[in-house]
Amino acid sequence: MLYLVEVQKKAGFIGGGKAEFKLLACQRSEQSWTAVPGEESVPAPDDAANYSAGTLVMVELNNNRQVQRHYEAGRPLVSILQNFSSLNKKYKTQEEEIEQWKQSLTFQSQELNRREMEIETRQEQLEQAEADLEKLEAQRQEVEQSRQDLTQLQEELTRKNQDLEGAWAHLNGEMRRLEERQAEFSQQGGLDEGQVNQLQESLNRLMGAVTPTEALREKVGVSGELINQHQSLLDQHQQGLDQQRAELEEKRQSLEQQATELKGRWEAWFQSNEQLYGRIAELKLQQQLISGKQERLQALSEELHRQGNLHHHVYELLNTSDKVRLSRKVDVAELEAMTLEHLQSKVNDLEKDLEKVSRFVSDQEEELTLEQQAIDELKGRIEQANEFDRLQLETELADEQDRHRMLNETLVGQRRNLLEREEVLSQHQAILRRRQGLATDESPVNSVDLEPLLNTIDEQRQHTTTLMQSLEAELKQIQERMSQLKQEIEQQTSEQQQQRSEIQQFEFDLQQQRDEASTLAGRAQLYEELLGSTQESLNQFRQSLEEIANSVAQFQEASDYQLQAITEMRQTVLSVADNPAQAMAS
């Protein structure tokens, strides 16, 4: 298991110190570290004695708490911090997305509650409409029952009319018989008491046969009031139907406006989506552009490396002899005047200093090689990654390339310094060997000055470095533009998703409103048909009732005539019975 430890050294008895590793944190997973509680330590192996006290080291321990492998924690800690920074940015972005989704869900929840309230209101309206329809159906049934009652009344009136016609026929017969008896009476000279009684009895029977019309007129009046009540209710329902029609018309206009708004929102969304695709295309173009410039920068870096190698090879011409010289580098006269021991000591100091600088430059070169390997690895991962991971990997690649560039720029001066130190050491060694009698050249030759050649190489290197800096500045601008594009694309993608969800919810609500409007329109149509049929039945009922009322009035008039005729016949019989001669004269 991997641990982050701190090197601790305890003072030894004779000046030495035994190193220990104090456990600070333990790696639980690739991105998870846990602090080690307490002051737990493990013995350090013998090869860890070069670590200074307080140095942070990565250590791998087995199950027995024995050190398997250890190395300095500088680069791993930098990598962990970089990963932590990237994860922190990623988590921050995810938190913003979660917050946006929370806001969207809150808005959808509020919209859903509003829709539920509207649906409840519509449900109440539908229930009220159904109750009105039930009442209307009950009224229609009442009208139908009243129509049946009216039919019965009409049948009863017809029957009584027939009875009245029979009574009239009987009355006419009695009148004819009365006239016949009057003719007989005129021949016989009068009526006896039996005949008078018989005529009185016949008139009484005719009087009893006269049908009273008060009850019939009362029923007709009740039926008229019932018709008026039903007509009033029908008028109320008709007003409600007109109101529903007006609401349906308003709803239809509102739905048309919402449909137009929906179309406009979809068109705006598609336009915004095209802009998003344009930004994505621009991002891909910027990626291709930055890839080309990175290749150009890599070529310049290799060119600079070759120029450095050339510079180094030129310096290698400075062999152990003094035939080759660099002006303004070594004071040969001073070295000639120096004692041999002092010159030897100075050469030794230069060798130690060169070894130290060479070791430092070698470490930096190794660091630069590792950085280049990391860049190559990231490029390989980018080629195989998807669109989302590619954006994150390209950010990491830009960071690695920045570190590689800064390290390379630092190494330019360090390499030059190293070469200059090698040159100075080489000149000192050449003079030392010559003074020690180790030189083999017998015939003197003119010294060759390599300074102009080295200056020319330095100018080329400076020009290459300037080109690299200019190219790096362009790369930085492109990377900033890419970062801006990525942020815009992420933000617009999130906005597009949210707008699409809102438009789809709006479209769903609009379809529900259309369905509700269709349901209400169907109910209103049914309502209208029921009202129309009920109104038609009520009109027929009213017409029939008016006909019955006219018949009752005619029947009453006929009854009044019948009663008047019976009364006159009764008076005639009485007058004939009291004064036959006068009755005959009259």
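Q: Is R481 buried, exposed or partly exposed, and why?
A: In this predicted model, R481 counts as partly exposed because its relative accessibility is 26%, and that value falls between the 20% limit for buried and the 50% limit for exposed.

Q: Which residue does the side chain of R481 meet in a salt bridge?
A: The partner is E282, and the N to O distance is 2.9 Å.

Q: Which helices do R481 and E282 lie in?
A: R481 belongs to helix 7 and E282 to helix 3, so this pair ties together parts that are 199 residues apart in sequence.

Q: How many salt bridges does the structure hold?
A: There are 16 salt bridges in the structure.

Q: Which residue forms a salt bridge with E528?
A: That residue is R245, and the closest N and O atoms of the two are 2.3 Å apart. The pair links distant parts of the chain, since E528 sits in helix 7 (residues 451-578) and R245 in helix 3 (residues 214-316), 283 residues apart.

Q: How accessible are E528 and R245?
A: E528 has a relative accessible area of 33% and is therefore partly exposed. R245 also counts as partly exposed, at 34% relative accessibility.

Q: Which residues are linked in a network with R245 and E528?
A: D242 is linked with R245 and E528 in a network of salt bridges.

Q: Let us turn to E249. What does its side chain meet?
A: The side chain of E249 meets that of R252 in a salt bridge, at 2.2 Å from N to O.

Q: How are E249 and R252 placed in helix 3?
A: They are three residues apart in helix 3, so about one helical turn separates them. E249 is partly exposed at 34% relative accessibility, and R252 is partly exposed at 38%.

Q: A change of topic: where does Q294 lie?
A: Q294 lies in helix 3.

Q: Is Q294 buried or exposed, and why?
A: Q294 counts as buried because its relative accessibility is 11%, which is under the 20% limit.

Q: What does Q294 touch?
A: Leaving aside residues up to four places away in sequence, Q294 touches L397, Q401, L475 and Q479.

How values were computed: Residues are numbered from 1 along each chain as its sequence is written. This is a predicted model: local features need pLDDT of at least 70, side-chain atom pairs count only at pLDDT 80 or more; totals for chains, interfaces and linings use all residues. Side-chain values use heavy atoms; hydrogens and water are left out. A salt bridge is a side-chain nitrogen of Lys or Arg within 4 Å of a carboxyl oxygen of Asp or Glu. Helices (H or I, at least four residues) and strands (E, at least two) are DSSP runs, numbered from the N terminus. Buried means under 20% relative accessible area, exposed over 50%, partly exposed in between (1.4 Å probe, protein chains only). Contact means heavy atoms within 4.5 Å.
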